[in-house]
Amino acid sequence: MKDRSYGDKICRADVTVIGAGASGLMAAISAARADAFVTVLEHTAVSAKKILSTGNGRCNFTNLTMTEDCYRSDDNNLVMSAISRFSERDAVTFFEELGVFSKSRNGYCYPRNGQAAAIRDALIAEAKRLGIRFIYKAETCKIVRNDDFVKGGFQIEYNNSGNFIYTGCCILACGGMAAPKTGSDGSGYALAEKLGHTIQPPLPALVPLVSAEQRFAELAGVRCDACVSLYTEKEKTAEDTGELQFTDYGISGIPVFQVSRYAASALKNGKQVIAKIDFMPEMSSEKLTHAIERIVQGCGGEKTWRQILSGFCNHKIAGMICESSGLSKIPVCGLTEKQIRKQIPILVRCLKGTDIRIAGTRPMEQAQVTCGGVMLHEIGNDMQLKIVPGLYFAGEILNVDGICGGYNLQWAWSSGFLAGTSAAESALISHIPR
């Protein structure tokens, strides 16, 4: 492939991708496979650093259960259309062809060797094989129309030092704001806004929640299976079940992550947010009541309420429930049957619905993904900005966030593939000089 440089500071490309994360690499590879000459600008010193931290270092790169309710956006029809054109099965096949075989655990797909680096290394190796040009430590500062290179093309300046790329099409794959140490610093939003796009204010998602109450700090480190229901102004907005973790600041764990984007949005709008914790989601209130009654009758009053509850949940949680319900100082022994029947419903209500008032989320540094970004209703089905032909988007910069389980990476693969192939087709039709 010909060298398309004009000296040290000016070069040209059919397609230029801004951002060398998951979606950016997929976009670049897809465009190059369609015979486009591709340049990638990355403002950090490495590619796809964020991939290494996904799935606790094991990289849950897709999920075989792919439904619309796994994504939150302002246009889920566009999301699912993109995924249908590069599906979860396509993602598995794509990486197998690059030499990365996968294993599935209940539909959650990981590299068979259990290492996230396998995904990143395969992408980088394929990009190098295709002759994609990478420019690292390149901070994109301006994107403007410039017809000198090709009609409808762009002039991209980086590092504020007279470095230019003339390109037929441009793909913004800069990421969001979550985990900024990996390179996602939100810089792509400013570029999109200058080009006339609307940005949904970014908020942290898949992130721990901060409690407004100190009484739960004593439970720090406790893990338990529970159902977390999120209420905004007394209306249930989200719910998920899984392993809940108490921290010194509030609550964490997968079920908390799954509902966190709704908490972030509601809190930003000044609304009251309550997380209701069901410590016994597998048992109805009626069955739980009967179970506690049997234990009380069987122990002959020899156990404390905390000891009784410890058969259902962690002993620290049992202590918290007894304390908050006022039963910690009320002995079981000596109570009449009528008094016991009066106390048991109080415990059941706490076990099935302890309220935690949410004061906020943890910062973007602890978020796995961004809620918000470039609005989809201004994007076409080919991932091209409707008002700026030749400008495409992919990945987390868009107003799309998936639940835990490989869905955000699948969005990166699908949107990257579609943006890359669409941009390459557009650029080559424009008869860009070779």
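**Close-up views of a predicted model**

**View 1. Surroundings of Gly253.** Apart from neighbours within four places in sequence, Gly253 is in contact (heavy atoms within 4.5 Å) with Glu243 and Gln245. The model is predicted, so local features need pLDDT of at least 70 and side-chain atom pairs count only at pLDDT 80 or more, while totals for chains, interfaces and linings use all residues. Residues are numbered from 1 along each chain as its sequence is written, and side-chain values use heavy atoms, with hydrogens and water left out. Gly253 lies in the loop between strand S16 (250–252) and helix H6 (254–268); helices (H or I, at least four residues) and strands (E, at least two) are DSSP runs, numbered from the N terminus. Gly253 is buried, with a relative accessible area of 12% (buried means under 20%, exposed over 50%, partly exposed in between; 1.4 Å probe, protein chains only).

**View 2. The open sheet of three strands, in the order S4-S7-S6.** Its pairing is antiparallel; two strands pair if DSSP finds at least two bridges between them. Strands S4 (62–63) and S6 (102–105) stand at the edges with a single partner strand each, so one side of each has no neighbour in the sheet. Two bridges join S4 to S7 (residues 108–111), and Thr62 stands opposite Cys109 in S7.

**View 3. Contact of helix H1 with helix H4.** Leu25, Ile29 and Arg33 in H1 meet Leu123, Ile124, Glu126 and Ala127 in H4. The residues of this contact comprise five nonpolar, no polar and two charged (Ala, Val, Leu, Ile, Met, Phe, Trp, Tyr, Cys and Pro count as nonpolar, Asp, Glu, Lys and Arg as charged, and the others, Gly among them, as polar).
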